[in-house]
Every structure is written in C-alpha cells, then in structure tokens.
Amino acid sequence: MSIPLYKTSEVDVLIIGAGPAGVMCANALAMAGVDVRIIDQRPAKVAAGQADGIQPRTIEVLQSYGLAERLLREGNQMHMAAFYNPGPSGGIERTSRAPDVTAPTARYPFEVTLHQGAIEAIFLDSMKAHGVEVERPIVPTSIELSTSDEELKDPHAHPVRVILKHLDPQGEHGDTEIVRAKFVVGADGAHSWVRKSLGISMDGEQTDYIWGVVDMRPRTDFPDIRCKCAVHSRNGSCMVIPREGDLVRLYIQLAGRDVLDPATGRVDRAKSGWGPERLLEVARKSFEPFEIDAEGGVFDWWTIYIIGQRVAAKFSVNERVFIAGDACHTHSPKAGQGMNASMNDTHNLAWKLTHVLRGWADMSLLKTYEFERRKYAQDLIDFDKKFSKLFSGKPRTEENQDGVSHEEFLEAFQTFGAFTSGIGVHYQPSAITHNQHQAHASKLIVGERMVPHVFIRAADARPYEIQDLLPSDTRFKILVFVGNVVDKAQAERVKKLAEEIGADGSFYRRLGRGDPAKVFDVLSISSAKKQDVNYTDLPPLFRQHWSKVLLDDVDMYARVGGGGYETYGIDPQHGAIVVVRPDGYVGIVAPLDRLQDVDAYFNSFMVAQ
C-alpha cells in the first residue's frame, strides 16, 4: 500500500503568523473551545527586541483574559514622561515633566514595557493550557478561496484551501499538507504573504523618517533615564523608553542619506556600515551635555527602519479570510501603538468568529470586524502622521523660529492621550452598536469600552472592579442598573422588567439556546445603600447567583466605591440597561421600559435556535 505524499486536514480556524495579533487570536479562540491551529515560519519564538510597549487599554484587555497579573509582574511601568529641548548653552535641558498617560478613566494609568518575546510567552503558556501550541517552522505556499456562493454563505463549509510546507517534516507524509479551513486569519506581519496572495493593496506612503533602535543597559548621568523621554536637540531627536530590569531602549533619528541604498530607496543595514555602536554615537550628540554609554559595550538588540504609514484596502475577503495586525496597518512606533493595535484587532475578531462558528450569530456579524478596525487603523495613521511630523521635526530655537515648540509638542502629547492609551477608541454605530438611547447613560459612551469603576457586592459588601466581572468569555453582559429598589414603585418596575426578560418572546429566551446563562451574563447594580437592601430583594432573574448583585455604595471602610451612577451618567432613581459586548465595549444602553429596543439589537445579528 503506498503512503500519500501529503497529509490532508480540516480545521475551523487557521491562523498564519504567531506574532502578537496571532497569539492573541489563538488564545482567545482556544479559551472559547474553538478548533484552531496556528502556524509560524520562525523556528523559535522571539528572544529579544521588537515591539515592547503595552498601553493602558491593552492591559485591561489582557486582564479580561486573566493575563494581566503576569504582565504587571514581569514588565516595567512608565508613569512619568519628561521633555528635553535645546538650552541656551547649546546642549539640552529639561523643559517639563508630565504624566505618561493622559486618559482620566484609565484603570491602569501607565504603560508597561516588556520585550515582545516575553509578552508572546504569556499568550503561548495560556494557549498551551487550553491545548493549542504554535506549529513551526511551517510556511504557507498557496491559498484558494471557493467561488461557490452557497459554500461561502454556509458557516459549516470549509471554503478555504491552504497548502502548507513543513520546513522540518516529521513522520511519513513528506513536507506538504493541504488544510481545508472554515476561516483563515493572516497575522503574518507587514510583508504579509496572506495579504499579497489575495491581492489586497496597502494604501498610504513611505515617509522620510528613518529611525535607529538600540536596547542596552545604560551607564549615564542623564536624570530621567527611567522615564519616557522626548529629546529634541539641535543635533536631532531621540526617545527614551525604560524597560524591564535595567534595560533602556533608545529611538534615534537618522538622516536618510546615511542609511538608504540609493538604488532601492530602502534601508540597507549591511551596506550602510551601521551598527549599535554607531547608533549610540548619534544619540550621544542629542544627549549633550549628559553622557550615555552601554554597560560593558553590550547591546541586547538593535535595528534601523524607515517609517511607512499604510492601511490595507480591505481587512477581509468574503468574511472567510481576514488580515490583522501589521498585515493591515503599519505606522511609526513613536506613539507605542503597533503591538497594541495588532492585539486589539484580533481581540475584536475572535469573539465574532466564535459566535458564528457556534451558530449563535449570523455570518453578517463578521462584516463589523473590517468596519470597526479599518476606521480605527485610518484614525491611527492620521494621528501618527501628525505625531511623527512633530517628533521628527526640528525644535524651535532662537535661530529656527519655524521649528516645533515645546508647547505644541506637549499639547499634541496630551490631546492624543486618549487615543494613544487606547482608552478613547470609539466604534461607530453598526449592527452591534446602537446609540439611540445614549442619554440614559450619558457618560458610558456606546461604542467605547466599559468604563472601570468599583462597586460593592450586595451579599457581603466586598468591593469589585466592574471590569473584573466582565471577562472575555464570549458572553454578552447584561448590566441592569435597577435604580433605587428600596422605593416600592421602582421595585415594581424592576419586577416587571424581570418578567419581560424572562418571557418566551424576549431575546434572553429566544437566543439563549435553552441555557441563556451560557450566552448572556446578567448582573444587577442598585443605587440603594448597603444598610437598606438585601440581595434577595431582587427578582430571581437578577440574582441568579448571590455574587451577581452589586451596589453603588462605598465599602465598609469608605475607602473605595460609590458614585458609579454619576460616573456613568445614569439616573440613580430610574436606572438603565447597559449591554456590554464580549470584547468589553458598550453595545447599547436603554431605559428599563424599552426592552423592545434591546430585543431589536440582538435580533439584528444573532440567530435563534
């Protein structure tokens, strides 16, 4: 009997590329019990260097998967930023210090820095615990998408055929494998094979900005070496990013003529004669009168790159093959967005794939991935253009009045704070964001992430951060702000609402697949005080477990809690319904007497059994 020369297999989701976007996706799908495979061409994971900054919103996202604790333990925290500009003596001097994060509602008001390999390892370990590991080294050699409309519309079909080449084949099947997948996610970086194979163009341009990067343990008298610093000198610009342990990363502005290959216009590290020592030599000129050296002349990592600012023309083909991360947007690392944007792409996509694969949602839900994330990527490029220009521009001095003033730079740094932190990401109205009743929770913006706040549990007065009760577990969270249930009339309204939600025709029963708690997690939050209310006062649907009833009151020592209704702009007497999507973003808010609008919201994309 002859052995076939290639292996064939089927999978629900095949992820190509195990960088930040890929491992975020694989981990989320593995945790949701999806049949997923992830491949990568690199024989081993990243050891050092590459991306290194995690923004406040991304820390919240990691927390929602139970992964933030390790990140906070291993990483460095950046709380303060310092700004240096040309001084009268010719060298630089500090102009000001400011908070690194300027987003008032950030739960974690700092950035975390840790090298990309260590961040990926957090996901790899979590995936392994759920039975998924990166298969490597493997490269895809061909991808074909079925042209049959019927097959493309059938969520159970496997319309994508990918041929894989195993670079280190094991077993008797040779090095070729044919995989038939329901969905493919291309998370394979800026030079994405998936994007090129599908003929998706990248729109935008190459800039003139060229930067060198070195990671090292510095020996220096520069006083802000453990703060994020923007250094503008007469000799060029430099950025300081303190890292885990004693490491520091320097971003150093370079002149194009020194680094580019005139024939190709590309950065040519080999021909240019550049290395980390020469990069540090350039940095030293920007740091004068301060001195800076690498401890023992040792460098952990270095690179040179030219900034491209581009967005893919589309993020998906027929909602069957998706691209994410650097495969669909590239920008400068100055604002520390790359890895954050990438991981948040697939955080947005994973729950949608899961809902469609489970038969909970219509295929049309997948259209919202490109709708939400491409608009974000375009906003990011617009922001990056302004920020890169300010950062790479010459500083204003007596001789150069047209240069960038410190005030201008600081204003941009703070204005863009909500954007760079990820806190201000706003998804526009769509099937999954309905804002017609925004006024009923005026400060909990539909299309933005659920604002953190501490409430106390009614049963035992233990304080809880609301975000910790909204894990990324694929369920929609139905937050019923029941108002002041001590008031008899309000208690009656709440009882009536519970009856309506529990009735056969409601979204809860119709879309709950026989066990609504698997699809919808109901929490109730009262504005009544802990001395006046029992959790048992609420209707059974709103207290399915004793831990599901919260109060907007201070804890027993008046240290935390209280003021939540006000923070969210909800009437403390009458309350509101707030639906939080599985990715932690507010989907709809509604008054208690407009349950039909919440029904209409879910009916627009979810599928009854």
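Colleague: How do the axes of helix 1 and helix 10 cross, and within what distance do they come?

Modeller: An axis here is a line fitted to C-alpha atoms, for helices over the stretch in contact, and angles run from 0 to 180 degrees between N-to-C directions. Helices (H or I, at least four residues) and strands (E, at least two) are DSSP runs, numbered from the N terminus. The axes of helix 1 (residues 20-31) and helix 10 (residues 338-357) come within 8 Å and cross at roughly 30°. That makes the two helices roughly parallel; angles under 35 degrees count as roughly parallel, over 145 as roughly antiparallel, 65 to 115 as roughly perpendicular and the rest as oblique.

This is a predicted model, in which local features need pLDDT of at least 70 and side-chain atom pairs count only at pLDDT 80 or more, while totals for chains, interfaces and linings use all residues. Residues are numbered from 1 along each chain as its sequence is written, and side-chain values use heavy atoms, with hydrogens and water left out.

Colleague: Which residues of helix 1 meet helix 10?

Modeller: Contact means heavy atoms within 4.5 Å. Pro-20, Ala-21, Met-24, Cys-25, Ala-28 and Leu-29 of helix 1 meet residues of helix 10, including Met-339, Met-343 and Leu-353. Ala, Val, Leu, Ile, Met, Phe, Trp, Tyr, Cys and Pro count as nonpolar, Asp, Glu, Lys and Arg as charged, and the others, Gly among them, as polar.

Colleague: How do helix 10 and helix 11 cross?

Modeller: The axes of helix 10 and helix 11 (residues 367-392) come within 10 Å and cross at roughly 165°. Helix 10 is therefore roughly antiparallel to helix 11. In this contact, Asp-345 and Lys-352 are among the residues of helix 10, and Glu-372 and Arg-373 among those of helix 11. The division is 5 nonpolar, 3 polar and 4 charged.

Colleague: How many disulfides does the count come to?

Modeller: A disulfide is a covalent bond between the sulfur atoms of two cysteines. The rule applied is a pair of cysteine sulfur atoms within 2.5 Å, and the count comes to 0. For Cys-25, the nearest cysteine sulfur is that of Cys-328, 12 Å away.

Colleague: Is Cys-25 buried or exposed?

Modeller: Buried means under 20% relative accessible area, exposed over 50%, and partly exposed in between (1.4 Å probe, protein chains only). Cys-25 is buried, at 0%. Cys-328 is also buried, with 0% relative accessibility.
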